[in-house]
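Hi everyone, thanks for making the time. I'd like to walk you through one model today, so please bring up the viewer and follow along.

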Amino acid sequence: MMHNVTLGWRTPVEDAELVDLTIARGGVAEPGWWDRIRPHSLGWVAARTSDDKLVGFVNVAWDGCDHAFLIDTKTHPSHQHQGLGTTVVKLAISETRSAGCEWLFVDYVADLA
């Protein structure tokens with residue numbers, strides 16, 4: 001169960017925080033990625049602990065109209081298997097609907113279906 005985690009839609013997220021989160025979960029981080037991608041985003045969900053540490057994230061890129069794309073879902077290992085990833089995605093879905101998008105696309109690997 002998630003404790004002391006607050007979700008925010010389009011709240012400030014720094015590139016360095018996403019680098020740290022990506023590395024923590026075993027990914028390969030590219031500094032500057034978020035600064036380049038953010039202008040193409042409808043929005044994003046950031047999950048933070050009470051001490052403001054970024055522990056969950058998902059980005060919603062879009063075409064500027066009615067198609068959106070759920071990408072870059074990340075959960076810190078200390079918060080995995082507690083429902084945080086699902087909660088972050090649900091908020092992203094809700095906000096995407098509220099923005100008037102008709103479609104929300106998601107790619108995944110077969111073993112996560």
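His81 sits in the loop between S4 and helix H3 (84–98). Helices (H or I, at least four residues) and strands (E, at least two) are DSSP runs, numbered from the N terminus. As a reminder, most residues other than glycine have a negative phi.

Arg10 is another such case: its phi is near 60°, again a positive value in a residue other than glycine. You will find Arg10 in the loop between S1 and H1, and it is partly exposed, with a relative accessible area of 43%.

Before going further, a word on provenance. This is a predicted model, in which local features need pLDDT of at least 70 and side-chain atom pairs count only at pLDDT 80 or more, while totals for chains, interfaces and linings use all residues. Residues are numbered from 1 along each chain as its sequence is written, and side-chain values use heavy atoms, with hydrogens and water left out.

Now the sheet. Five strands form an open sheet with mixed pairing, in the order S1-S2-S3-S4-S5; two strands pair if DSSP finds at least two bridges between them. Strand S1 (5–9) and strand S5 (103–106) stand at the edges with a single partner strand each, so one side of each has no neighbour in the sheet. On average, neighbouring strands of this sheet are turned by 20° against each other, direction ignored. Strand S4 (residues 67–75) pairs with S5 in the parallel sense, over four bridges. In that region Leu70 stands opposite Val106 in S5.

What lies across the sheet strands S2, S3 and S4? That is H1, which runs at about 110° to S3 (54–62). Axes here are lines fitted to C-alpha atoms, for helices over the stretch in contact, and angles run from 0 to 180 degrees between N-to-C directions. Contact means heavy atoms within 4.5 Å.

On to the charged side chains. A salt bridge here is a side-chain nitrogen of Lys or Arg within 4 Å of a carboxyl oxygen of Asp or Glu, and by this rule the count comes to four. One of them joins Arg48 and Glu17, at 2.6 Å from N to O. That pair links distant parts of the chain, 31 residues apart: Arg48 is in strand S2 (residues 41–49) and Glu17 in helix H1 (residues 15–24). Arg48 counts as buried at 11% relative accessibility, whereas Glu17 counts as partly exposed at 21%. Arg48 also meets Asp52 in a salt bridge, at 3.7 Å, and Glu17, Arg48 and Asp52 are linked in a network. Another bridge is formed by Glu30 and Arg36, with their closest N and O atoms 2.4 Å apart.

Let's move to Ser41, also in strand S2. Is Ser41 buried or exposed? Buried, with a relative accessible area of 8%. Its side chain makes a polar contact of 2.8 Å with that of Asn59. A polar contact is a pair of N or O atoms within 3.5 Å; within protein, one must be able to donate a hydrogen and the other to accept it, and residues adjacent in sequence count only if both atoms are side-chain atoms. Beyond its neighbours within four places in sequence, Ser41 is in contact with residues including Arg10 and Trp34.

Trp34 brings me to the rings. Rings of Phe, Tyr and Trp (its six-membered ring) pair if their centres lie within 6.5 Å; planes under 30 degrees apart count as stacked, over 60 as edge-to-face and the rest as tilted. A search of the whole structure finds five aromatic pairs. Trp34 and Trp44 have ring centres 5.0 Å apart and planes at 85°, so they are edge-to-face. Trp34 is buried, at 0%, and Trp44 is buried too, at 5%. By contrast, Phe69 and Phe105 are stacked, because their planes lie at 20°, with centres 5.4 Å apart.

Terms used
Buried < 20%, exposed > 50% of the residue type's maximum accessible area, 1.4 Å probe, protein only.
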